[in-house]
Amino acid sequence: MDTASIPSFFRTLLIIILGYYLFKFLARIFAPILIQKAANKVQQKMENEMRKQQQQYTNTQNEKSRVSTEKPKEKKKVGEYIDFEEIE
């Protein structure tokens, strides 16, 4: 092994270790912020979906009430229904 490669190996190892701890430090700072933003996005999507469903339900109820105010169609009368009993 060359003597020049040993200091460069330790320098590379030191850079990797410092990079790891820097990443860990920055992750502790920015992770809660990113998680909060993601949670807010999900909450906003859920609110929009609920609003759409509420509008659809309201529209359906309005159509039903409009239909119920119209004259109901007269049903065809077929005849009387007679209940028969079995005799033994």
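The chain exposes about 9800 Å², and carbon and sulfur atoms supply 61% of this area (Shrake-Rupley method, 1.4 Å probe). Buried residues, meaning those under 20% relative accessible area with protein chains only as cover, make up 0% of the 88 residues. The model is predicted, and local features need pLDDT of at least 70, while side-chain atom pairs count only at pLDDT 80 or more and totals for chains use all residues. Residues are numbered from 1 along the chain as its sequence is written, and side-chain values use heavy atoms, without hydrogens and water.

The secondary structure comes to one helix and zero strands (DSSP runs of H or I with at least four residues, and of E with at least two). Helix H1 covers residues 5–69 and includes Phe9.

Two aromatic pairs are counted (ring centres of Phe, Tyr or Trp, the last by its six-membered ring, within 6.5 Å). Tyr20 and Tyr21 form an edge-to-face pair (planes over 60 degrees apart), with 5.3 Å centre to centre and 70° between the planes.

Conventions:
Rings of Phe, Tyr and Trp (its six-membered ring) pair if their centres lie within 6.5 Å; planes under 30 degrees apart count as stacked, over 60 as edge-to-face and the rest as tilted. Buried means under 20% relative accessible area, exposed over 50%, partly exposed in between (1.4 Å probe, protein chains only).
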